[in-house]
Structures are given as structure tokens and as C-alpha cells.
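Let's explore a protein together, one question at a time.

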Amino acid sequence: MKYLRRTLAVLLFLPPAAAATPFGDFQSKVNSANLKPFALDLGGILGGAAFHSGRALGFPGFDIGLVGTVQFRPDRDDTILRDAGVQRFGIPLVQAEIGLPYNFDVIAHGMTGQGARIFGAGLRYGVRKSAILSVMPDIAVSAFADRVNHTFFNATHYSLNAVLSFNLPILHPYIGLGWDHTKVNVGSASTPGMTGLSATARGSRASLGVDFSVPFFHAYGAYTFLHGLPGMDIGLGTRF
């Protein structure tokens with residue numbers, strides 16, 4: 001409960017000025033050794049927004065809310081964040097999902113803050129959609145692409161995801177897997193020769209969580225492993 005309260009504060013309620021810390025020292029601390037671990041951490045928290053249910057919305061479904069992932073500590077080699085004193089860190093995203101015919105959903109999300117502009121989109125396909133109380137799960141797969149433009153760097157992120165959930169009343173447990181491909185390019189650095197350098201990282205995610213749903217409203221939380229490090233996926237929204 002203590003971690004949940006802190007996570008909610010970090011992800012949802014901190015003002016932009018307070019949330020600028022995670023990336024604020026990038027320019028002074030980036031080097032050729034820590035850029036790839038930084039890309040790995042960045043890709044994990046971007047990819048964590050990919051799923052909270054294995055059930056496609058279906059036409060003309062609509063879901064809008066605030067979503068995101070918090071990683072409880074940086075990678076051991078990510079000295080960009082570690083040497084800046086960063087512990088838990090995450091990125092909240094405003095996300096909209098629209099149901100299309102044939103079990104497809106289109107998803108878009110983004111945010112402006114922490115010195116960055118993030119925008120991305122994805123496509124989800126509902127492989128299986130079960131009846132309520134069915135012993136068989138809902139299953140969905142998805143693909144996303146994201147772009148990050150920061151004062152000191154830019155990044156591209158791609159992810160592939162699969163999620164399985166059970167359509168129970170009110171509580172919908174789910175388990176999901178994801179794979180992230182993230183490339184970070186240095187735009188500005190204090191160290192000579194670092195500007196223009198890039199690094200690519202690939203990592204995996206695994207999440208176990210529950211989506212709490214009542215008419216027109218839902219909230220979810222999940223314990224997640226981001227390339228082997230602990231974290232939490234969390235979100236809330238309204239759904240039609």
C-alpha cells in the first residue's frame with residue numbers, strides 16, 4: 001500500500017517542475033557507456049503503457065484516460081539516472097483508444113513535460129473475445145511506435161505485446177508480455193564528441209495485474225518486470 005501511494009504520487013500528481021529530475025542531468029552525465037542502459041530504461045517505461053486487458057474494445061468502443069509505468073530503480077549501468085540520484089521514475093501519458101470493426105483498436109498517447117514531448121500510436125487486435133464468466137481468456141496482440149523529443153536527446157521506440165485476461169465481473173485479472181526496441185540519439189552534451197552519438201537497446205517486459213471496471217470507469221494496476229527490474233503499471237480512465 002505504501003508503494004502504491006508513492007507510485008500514484010510520482011506518476012499522476014507531481015507537477016511538471018518536480019517531474020523534470022529524471023532527465024534533467026542527461027546533458028552533463030551522458031557518455032558512450034551509459035547511453036545504451038539509459039535507452040533500455042526509457043524503452044521499458046514507454047512500453048508499459050501498451051496493455052491493461054486482453055479484450056478488444058470492439059466498434060464503437062472508446063476509452064480515454066491517464067496511463068503509465070513506474071520503474072522502481074534504474075538499471076545498474078544507467079549512471080545518467082543513478083548519478084543524478086534518481087530512484088523511482090516514470091512517464092504519465094494521456095491515452096485514447098478507439099474500437100474499430102473486426103476486433104481492431106487504434107490507440108494514441110502522448111504528453112508534454114519533464115523537458116520532453118512524447119507522442120505515439122499503436123494497433124491492437126483481439127485474437128479472442130470471451131463471454132462474461134467464461135473459463136476461456138480474452139487474448140490480444142498489439143504493436144506500438146513512439147517518438148520522444150527532449151531538450152538534450154531524442155528517441156524512437158517500438159514495441160510488440162501480447163496479453164491474456166479473464167472477463168470476470170468488476171475485476172479482470174491479466175498477464176502480459178512485451179518486447180521493446182529503443183534508439184536514443186544525443187542532441188546536446190557537455191562532453192566533447194558525444195553530440196550526435198546514438199545507442200540502441202532491446203528489452204522485455206512481463207506484467208501481472210488487475211483491471212477494476214464498473215460502468216463508464218476503470219482503473220488498473222500491475223506488478224511488472226522491466227528487463228529484469230521491478231516496477232508498476234498503473235492507469236485510470238473512462239470507457240464507453
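Before we start, one definition: Ala, Val, Leu, Ile, Met, Phe, Trp, Tyr, Cys and Pro count as nonpolar, Asp, Glu, Lys and Arg as charged, and the others, Gly among them, as polar. Keep in mind that this is a predicted model.

Q: How many residues in the lining of the largest pocket are nonpolar?
A: The largest pocket holds about 330 Å³ of space. Its lining has 19 residues, and Ser-53, Arg-55, Ala-56, Asn-167 and Arg-239 lie nearest the centre. Seven of the lining residues are polar and seven are charged, and the nonpolar ones number five.

Q: Which residues is Phe-38 in contact with, leaving aside its neighbours within four places in sequence?
A: Contact here means heavy atoms within 4.5 Å. With those neighbours left out, the list for Phe-38 is Phe-23, Phe-26, Asp-78, Ile-80, Leu-81, Phe-153 and Val-184.

Q: Which residue in the turn between β3 and β4 has a positive phi?
A: Strands β3 and β4 run antiparallel and are joined by 10 bridges. Thr-112 stands opposite Arg-117 in β4. The two strands form a hairpin with two residues between them, and the turn residue with a positive phi, about 55°, is Gln-114.

Note on methods:
Residues are numbered from 1 along each chain as its sequence is written. This is a predicted model: local features need pLDDT of at least 70, side-chain atom pairs count only at pLDDT 80 or more; totals for chains, interfaces and linings use all residues. Side-chain values use heavy atoms; hydrogens and water are left out. On a 1 Å grid over the protein atoms alone, a cavity is a set of points where a 1.4 Å probe fits but cannot get out, and a pocket is an open set with protein on both sides within 12 Å along at least five of seven lines; lining residues have an atom within 4 Å of a point. Grid points are joined across faces, edges and corners, and a volume is the space filled by probe spheres set on the points. Two strands pair if DSSP finds at least two bridges between them. Helices (H or I, at least four residues) and strands (E, at least two) are DSSP runs, numbered from the N terminus.
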